[in-house]
Amino acid sequence: MAFLYVLLVLIWSTGFITGKFIVGLIDPNVFLSIRFVLAGLLFLAIALWQRRRFPSLKELPKHIVAGMLMNGFYLGFAYVAIAKGLPAGMMALIGALQPALVTLLAFLLIKEKTSLKGIIGMLVGMVGLLLVVSPALELDMSHGGVSLLTFTLACAAIFALSLGVTYQKMSISSSDIFSSMAVQNLAASVVSIGFMLLLGETLFEVQLESFLLIIWGVLILSGGGVFLMVWLLRKVRASQVSTMLLLAPPLAAVESYFLFNESMTTIQIIGFVITIVGVYFSRTKVSDKSEEKRA
């Protein structure tokens, strides 16, 4: 299981890097629309090939909502907020609240409990992440304030992701994962296409790099990262998976250091270490019996 956590964090962190690579090549929501459509068709082909059972008409709306929330609205709201001037550092800071929000939603909606040690570890991890993003936050804030609308969109993005993650633990968790991912990705594509039309995004440079980024997005980010996240959510606590993802932004900072020659300050390195320590302690289990029943 530890290997899968590491793999999830590694893949999830490359989503931040991919966002930098597509600049000037593909508009964000054009990229997301293509990615979700192709990923949906890929999972659909796998489900048909293996003759997997598809959700019933009664359950279908739940899968559609889950896909729209965790993929479409989360990334759509986040990209719109950034396009309207939200500093990347502030987006990362707001995103750090996601594990706490998932813990609250999971408790309210599915009665999922988290140990005191787990909560403390999660809070420590959030402090570490704050230190990692603090240099970018200070730099971005110096350029002016952020409108209430933009801030609201960012918060809506994190709420959509948190609700989508919690939704994966509800009744749809018993459905076939391949057919479910097909529905969820195609549903997310509808949202992304809507954002693309709303923002008037059309850029797609016909270059080898553009096609390689699309392939990476479909096979690795959606086919690997999101699929693995949904699979893990069916096996362990939602709060545990979300807290692990606190490691993604710090890891992305390390990757940017090597790929884009971006500097890392001492405070960021300290923050990375603190985040690792917090995530380690947050992995304390409440009750193995309750998890075994859900698995």
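Me: Is Cys155 buried, partly exposed or exposed?

Reply: This is a predicted model. Cys155 has a relative accessible area of 30%. Buried means under 20% and exposed means over 50%, so a value of 30% makes Cys155 partly exposed.

Me: In which helix is the place of Cys155, and what distance separates its C-alpha atom from that of Tyr74?

Reply: Cys155 has its place in helix α7, which covers residues 148-167. Along the chain, Cys155 and Tyr74 are 81 residues apart.

Me: Is Thr18 buried or exposed, and what is its relative accessible area?

Reply: Thr18 is found in helix α1, residues 2-21. Among the buried residues of this helix are Tyr5, Trp12, Ile17 and Thr18. Because buried means under 20%, Thr18 counts as buried, with a relative accessible area of 5%.

Me: Which residues does Thr18 touch, not counting those up to four places away in sequence?

Reply: The buried residues of α1 are covered by elements including α2, α9, α10 and α11. For Thr18 itself, residues up to four places away in sequence are not counted. The residues touched by Thr18 are Phe31, Leu213, Trp216 and Leu221.

Me: At roughly what angle do the axes of α8 and α9 cross?

Reply: Helix α8 covers residues 177-199, and helix α9 covers residues 208-233. Their axes come within 11 Å. The crossing is right-handed, and its angle is roughly 120°.

Me: How many residues in the contact of α8 with α9 are nonpolar?

Reply: On the α8 side, Ile177, Phe178, Met181 and Asn185 take part, and they meet Ser222, Val226, Phe227, Val230 and Trp231 in α9. Of the residues in this contact, no residue is charged and 2 are polar, while the number of nonpolar residues is 7.

Me: Why does Ser222 count as buried, and what is its relative accessible area?

Reply: Ser222 lies in helix α9. Beyond its neighbours within four places in sequence, its contacts include Arg35, Phe36, Ala39 and Phe43, as well as Met181 and Asn185. Since buried means under 20%, Ser222 counts as buried, with a relative accessible area of 1%.

Methods
Residues numbered from 1 in each chain as written. Predicted model: local features only at pLDDT ≥ 70, side-chain atom pairs only at ≥ 80, totals over all residues. Heavy atoms only, no water. Axes fitted to C-alpha atoms, helices over the stretch in contact; angles between N-to-C directions. Helix = DSSP H or I, 4+ residues; strand = E, 2+ residues; numbered from the N terminus. Left-handed = near helix turned anticlockwise from the far one by under 90°. Contact = heavy atoms within 4.5 Å. Nonpolar A, V, L, I, M, F, W, Y, C, P; charged D, E, K, R; others polar. Buried < 20%, exposed > 50% of the residue type's maximum accessible area, 1.4 Å probe, protein only.
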